[in-house]
Amino acid sequence: MAAARRLKRVAISQPGFLTLNPKVTPTDLVSSRRKRVNKNKKKNWNKYSDVQDVEEFLEDVRHQERTTGGLLCEKSDDSLFFLDVGQPKKVEEKEAAEPVKGKKRKGKSSRPLRIDLILQHDSLVAPPKDVLAYQKPNAKKLRRTAERAEKLAANGVVPRSKKRLLNRTVVDRMSKKTETEANNNPERDFYDIWGQETKDLGEPWYLQQTRKKLVKRPEKLNEKPSVLPAVEVIAPGGSYNPDFFSHQELLREAHEVELKKKKVEDKLERQLAYNKADTATEETILREQVEGLVEESEEEEEKDAPKEDGEEVAVGAIAVADKKTERQRKREKAEKMKEQQRLTERRQTEQQQQLFQLRSIKTSIKQQEETTQIRQKRRKAKEEAQKAQPRRLGKLKFQPQDMEVQLSDELAGSLRQLKPEGSVLMDRFKSLQKRNLIEPRERAKFKRRLKVKYVEKRAFKEIS
Amino acid sequence: MGGLQKKKFERGSATNYITRNRARKKLQLSLPDFRRLCILKGIYPHEPKHKKKVNKGSTAPRTFYLLKDIRFLLHEPIVGKFREYKIFVRKLKKAYGKTEWSAVERLRENKPTYKLDHIIKERYPTFIDALRDIDDALCMCFLFSTFARTGKCHVQTIQLCRRLTVEWMNYVIASRSLRKVFLSIKGIYYQAEVMGQLITWVVPYQFSHDHPVDVDYRVMATFTELYTTLLGFVSFRLYSSLNLVYPPKVSWTKLSALSASLARVVSSADEEEAQLDQFPSEGEDMEKMEAREKELKQQEAQKKLFEGLKFYLNREVPRESLAFVIRCFGGQVSWDKSVCIGSTYDVTDETITHQIIDRPSVGKQYYIQPQWLYDCVNAKILLPVEDYFLGVTLPPHLSPFVEEKEGDYVPPEKLKMMALQRGEKPGNEQEEDEEEEEEEGEQEEEEEQEEDDNGDEEDDEEESLHVKVTPGKLKVENKARLEQEEKAEEKRLAIMMMKKKEKYLYDKIMFGKKRKVREANKLAAKRKAHDDSEKEKKKKARK
């Protein structure tokens, strides 16, 4: 019902709506039905009240304020009106004003830019004051504390933070801290590290709970990994001006080392040696290939005869064995028993005879003991020798240095002409390896991940 | 199967060891860092007895560490420093790459560093432990101080090594503890006795250096890092034991020239060494005590070997080594100003007693070759200077580190030296040699004539002499000799009474014992032949 009425009203209010009765206009039809509205509800205050007049008045007031800076009725007469007397004064003012302007202006007066004009405030109403900008939270409290501080400062009492500031020492940023603290600083300080008594930081339980307890070094680490001494003095033949015999001794040792190397090489060569007489000649090759193929007739006959005999024999062997008879079984049993009896008797007699063999038994036992003792001694000696050897600690085996020897014609007569042999650096490095402090190491090789391909330049290809 | 079965490689030695890569991953360090850490903390790889068990069946060569050691490493604060350093390097590279120089400076100023003091205290809880390991440290420090100052290793390390070695040498001079010196073809070996410990170290010659390529410099540098710290602390302690100020307040030039006497903490007037009361220790007889006293006296005498002598070193001799040796035994030394700073007196000084020269000939009397000094030190007495003049072939430089047992071959030079030490003058032998040389020039006829003359004289005397009864002279029978003779006779009797078998064994043993003596005799004969041939050569040369 309401929807139908709304529809009619909408239709009527359309422009160009024609009524059947010419006297009745659409407005009559619309306005005749007025809806009853409750104006006391807040919802309807805005909808159904007409404040246009008030709005007009207020708009007028605002306009006046914007353009003239206040209500016109309140302004004084002088500000609104002036007495028009004539023009010549204005011309003089204009002439006075002109020479003030710069010479650059020829005909055009300097006008402000349009953009500046646009951006200016064009209303004479002052912008409202931002009260919050002037508000200070706790302004009163702060003022009071400042006054109190002033009073105390006047008396000489300084607050704690200021006191700490004054006590702070200046941090020396100019000195290079890292260089002085570095471990290899040549000017570094040493102190008595063994003389100081250990600082008792606290009870062990406390230290353990607060994780400040220092971990004890395992006892095994204090043992030296090798029995060799740190510095091995060279043999007396290594002196720069050696005694004849000790020098010969040293030369002999070096000679033996070389001999060993040569032996190994010779052995290898012998193993790889190839006897030319062993090469297969054409004749032997032919014979091998032709084996069994040539001279078939004679050989076949020879082979046939022995084959037949073999077959007969084989046929005979395949014949089934007869079953064992009772007699045979009994016989076998009796034999077994006899054997066993014989064995036991033998054992008994042996035991009895051993009484008379005591001496020889004793000697054999003694011999065995001696051999075991000798073996034990040998093993112990081997172990001791092994201790002095460098252990195998990694991929590479320990390679001892070449002996430092100077041949008889290289020996210098005086200290000035001495040419040192071997380097102490290498010696120390090898000594560290020998004493099992580090594993033997080799210089790292340069390995390529990708293969290098060699290509001839075109020019060279033509030549070669 | 049931869950409580024992599986292989879960117990025992297989779980006690850990491979190097596993250890590295456990510590979260790179391989060079891991190596450095192991070297610094003194953790070495172990070779297990049964490799197959530990390696879980394979025999591939791997480096094994004890698991307990690696667990101990986890608590080390230096590990954190290594990681910080890695990050520092990364940041620095980035800053360089972006060319942010202010960042580079800032990072460089705050570079992470670490100190090794706590490690030294942990590894060497007492001072004597540290002294025992000081051999190695000294060798490394001396070696590094001779390196050239290129960028291969930190220049600071080289400087620190130089400073420490100079301080050590000054300590040895001040305490007069040098005992043996040996010049070898590799370098110079020194041995000193410090607080009862015998310390041996090698010093390379100054004038040769071909750096071998196979040596891992990083490893050596890490060892040196540790050893410089150790040596510094030990030096401090040693200096304070002598009441000397450490670091020495003498100027560096004087210190490095080894010509300064170190300042003492408490300036004491010349202390008279109080004679200690002699109490025999447990189990010692009077004989041993006397022997000990004798040794101490000898040592005291040795310490003042060069006292009162003034030496001048020429330019071609190894200055530092000689200055060190001379000053260790109380002598004064100087050298040419152009060689090094710190020379005290000039060539023209008249109070110079010996001048050390290595050139072929200058002509004057008291010029000696440097080997004299070293041989004197080893012999513990002042040897006659004549053997070491210019142009003379030097006697061989024997090694003081060889201790000859009875029956071994002893070179005649050593015999001479021992004779000198005992106080006999071998000068007679020399004179005899000279006389022999002169006499050989004469012909045999003259000698025969002399003998005849002597014989005639004797005959004459006898004829003139009348037979007189003169009081008899007492033949002093040496009791000791008699006893020895008796014993020898008894031995001979016993040998005669032995059975055949036993005699055979005895002969074998004696043969073995006498072998050494026979060899020594052989060598002596050889030497004599050699000497004779040389003399003949000399004669021929003269003619």
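A contact here means that heavy atoms lie within 4.5 Å of each other. With that in mind, this report describes a predicted model, beginning with chain A as a whole and then turning to one residue in chain A and a group of residues in chain B.

Among the contacts in chain A between residues at least 6 apart in sequence, 57% join residues that are at least 24 apart. Chain A has 19 helices and zero strands, and of its 464 residues, 14% are buried.

Within chain A, A:Asn436 is placed in the loop between helix 18, which covers residues 424-434, and helix 19, which covers residues 458-463. Leaving aside residues up to four places away in sequence, A:Asn436 touches A:Pro225, A:Ser226, A:Pro390, A:Arg391 and A:Leu393, as well as B:Tyr44 from chain B.

In chain B, a patch of negative charge on the surface is formed where B:Glu483, B:Glu486, B:Glu489 and B:Glu490 gather. One of these residues, B:Glu489, is situated in helix 20 of chain B, which is made up of residues 479-497.

The table sets out the accessibility of the two residues placed above.

| Residue | Relative accessible area | Class |
|---|---|---|
| A:Asn436 | 3% | buried |
| B:Glu489 | 48% | partly exposed |

A:Asn436 is classed as buried because its relative accessible area of 3% falls under the cut-off of 20%. B:Glu489, by contrast, counts as partly exposed because its relative accessibility is 48%, and the exposed class requires a value over 50%.

Definitions and conventions
Residues numbered from 1 in each chain as written. Chains lettered and ligands numbered in written order. Predicted model: local features only at pLDDT ≥ 70, side-chain atom pairs only at ≥ 80, totals over all residues. Heavy atoms only, no water. Patch = residues over 30% accessible without salt bridge, like charges linked within 9 Å, V, L, I, M, F, W, Y side chains within 5 Å. Areas by Shrake-Rupley, 256 points an atom, 1.4 Å probe, with all protein chains shown as cover. Salt bridge = Lys/Arg side-chain N within 4 Å of Asp/Glu carboxyl O. Lys, Arg positive; Asp, Glu negative; His and termini not counted. Charge placed at Lys NZ, Arg CZ, Asp CG, Glu CD. Helix = DSSP H or I, 4+ residues; strand = E, 2+ residues; numbered from the N terminus. Buried < 20%, exposed > 50% of the residue type's maximum accessible area, 1.4 Å probe, protein only.
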